[in-house]
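Thanks for taking a look at this one with me. My notes follow as numbered points, with the sheet and its helices as the theme.

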Amino acid sequence: MTSSFNERIDRRHSDSEKWHKYGNQDILPLWVADTDFRSPECVINALKQRVEHGIFGYGITPPELIDLVIARMAERYQWKIESDWLVFLPGVISGLNLSVRAFTESHQGTIAPTPVYPPFRSAAKLANRTQLNAQLRLENQRWVMDLLALEMQMTGNEKLLMLCNPQNPGGTVYRREELESQLRFAQRHDLIVCSDEIHCDLILEPGLKHIPFASLSEDAAQRSVTLMSPSKTFNIAGLGASLAIIPNPELRRRFMQQRKGVVPPVDILAYVAATAAWRDGQPWLDKQLAYLRGTRDLLTAEINAMSGLTLSAPEATYLAWIDASQLNVASPALFFERHGLGFSPGRDFGDDAFVRFNFGCPRDMINEALKRMRNAVSLMNR
C-alpha cells in the first residue's frame with residue numbers, strides 16, 4: 001500500500017483546481033490543501049456502487065453516517081455526543097461563515113489567530129465584522145497563541161473566538177492545558193467559540209492525540225461549534241461532506257437559521273464517500289500517516305539545511321509553514337514561483353515572509369521540489 005502513495009497520477013488535464021492554476025507552465029503546484037494521493041479503495045468502490053444505482057434524486061443524511069460520527073467521537077475522544085447536535089454541511093468554510101453571521105451582530109467583532117487559514121479572515125470581512133488577530137508565537141518549535149498579548153487588545157465588543165486545531169498553517173496540535181487556557185479566556189470575555197478541527201485525523205507526531213475543544217467540559221460544549229470533515233484526511237474535498245457539532249440548542253437554532261436558503265444540503269455522493277471513509281478507511285489512513293511522517297521529516301531536515309529558510313516540523317497536517325524572511329526578497333512566494341515552485345503565499349495567511357508547502361504528494365515530486373528550492377536559494381547566495 002505504501003507504494004500507492006508513490007504513484008504519480010497525472011492531474012494536469014483533469015478538473016483539478018490545484019493543477020489547473022499553472023496550466024502548462026513548469027511549476028509544481030504545492031499550494032491548495034488537497035493531496036495527490038488516490039482516495040481509499042473503500043471510498044471509490046462505495047461511489048461506484050452508488051452510481052450503478054442510476055438515480056440521483058434528493059437524499060437524506062444516512063443514519064449509518066450519524067451513528068459513525070457518534071461512535072467516532074466516543075472512541076477517539078471519549079466525547080459523548082447526541083444525534084441532534086449534528087448539522088451536516090457541504091464544507092467547513094460555510095461553517096466558519098455561518099458562525100460569524102449567527103453569533104455576532106453588526107457592532108460586534110471576531111477573534112482569530114494569525115497566521116491562519118484565509119477563510120477565517122474572509123469570513124469576518126464578508127460579514128462586515130471587525131476581527132482582532134491573536135498573534136501566534138514560536139515557542140519550543142511550536143506555533144502557539146499569545147493570549148496575554150490578545151488580552152491587551154480586547155475592546156469588549158468581541159463575541160466570537162475562532163480557533164484552528166490542528167493549526168493551519170503552523171501544524172500545531174494544542175495540548176489540553178493550552179486548550180484549557182483558551183477556554184478560560186473565552187469564559188472571561190463571554191465568547192462563543194468556533195473550532196475548526198478539519199485536520200484532526202492527520203496527527204503526525206507520535207504520542208500526540210487530538211482533543212476537541214468542546215470535549216473539555218460542559219461549559220466548553222455549551223459555548224462552542226466544532227467543525228470536522230473527512231475531506232482532508234481521505235482526499236475527498238471536492239465532494240464536500242462536513243459537519244458542525246453544536247450541543248447548545250440555542251446556538252444550533254441560530255446557526256441553522258442563518259443557513260436557510262443560503263447553504264445547500266450535502267450532495268448524496270459526498271454522503272456515500274464520507275460514510276465509507278469513516279467506516280472502512282482507517283487502514284489506508286494509517287499508511288498515509290506513515291508516509292506523510294516520513295516526508296515531513298525529510299522536508300524538515302532538508303529545508304533547515306538551506307540558507308535563509310527555517311521550518312518548525314508540523315505536528316499535524318501535510319502543510320509546512322516555511323519562514324523565508326532571511327532570503328531578503330520582496331515576496332518569497334513570487335521568488336519561488338519564478339523557480340518552478342507554486343507555494344501558497346504567506347500573505348494570504350497573514351505573514352508575507354512565509355510560504356506554505358503542501359507536501360501531500362508522491363516522494364519523487366517532493367525530491368524535485370527540494371532540488372528546485374536548493375537551486376533557487378543557491379542563486380541568492382552567489
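**Notes on the sheet and its helices**

1. Helix α8 (residues 176-188) lies across β3 (109-114), β5, β6 (158-164) and β7 (192-196), and runs at about 170 degrees to β6. Helix α11 (residues 249-259) also packs on the sheet, touching β2, β7, β8 and β9, and its direction makes about 25 degrees with that of β2. Contact here means heavy atoms within 4.5 Å. Axes are lines fitted to C-alpha atoms, for helices over the stretch in contact, with angles from 0 to 180 degrees between N-to-C directions.

2. A word on the source: this is a predicted model, in which local features need pLDDT of at least 70, side-chain atom pairs count only at pLDDT 80 or more, and totals for chains, interfaces and linings use all residues. Residues are numbered from 1 along each chain as its sequence is written, and side-chain values use heavy atoms, leaving out hydrogens and water. Helices (H or I, at least four residues) and strands (E, at least two) are DSSP runs, numbered from the N terminus.

3. The sheet is open, with 8 strands in the order β2-β9-β8-β7-β6-β3-β4-β5 and mixed pairing. Its edge strands, β2 (86-89) and β5 (142-145), each pair on one side only. From one strand to the next, the twist averages 25 degrees. Two strands pair if DSSP finds at least two bridges between them.

4. Which residues of β7 are buried on each side? Ile-192, Cys-194 and Asp-196 are buried on one side, and Val-193 and Ser-195 on the other. Since 5 of the 5 residues are buried, β7 is largely enclosed by the rest of the structure. Buried means under 20% relative accessible area, exposed over 50%, and partly exposed in between (1.4 Å probe, protein chains only).

5. β6 and β7 run parallel, joined by 5 bridges, and Leu-160 stands opposite Ile-192 in β7. The β-α-β crossover from β6 through α8 to β7 is right-handed: with the strands pointing away from the viewer, the path from the first strand over the helix to the second runs clockwise. On to β8: 4 bridges join it to β7, again in parallel, with Val-225 as the bridge partner of Cys-194.

6. The antiparallel pairs deserve a look too. β8 (residues 224-228) meets β9 (residues 242-245) over 3 antiparallel bridges, with Leu-227 opposite Ala-244. β4 and β5 pair in the antiparallel sense over 4 bridges, forming a hairpin with 2 residues between them, where Asn-140 in the turn has a positive phi of about 55 degrees.
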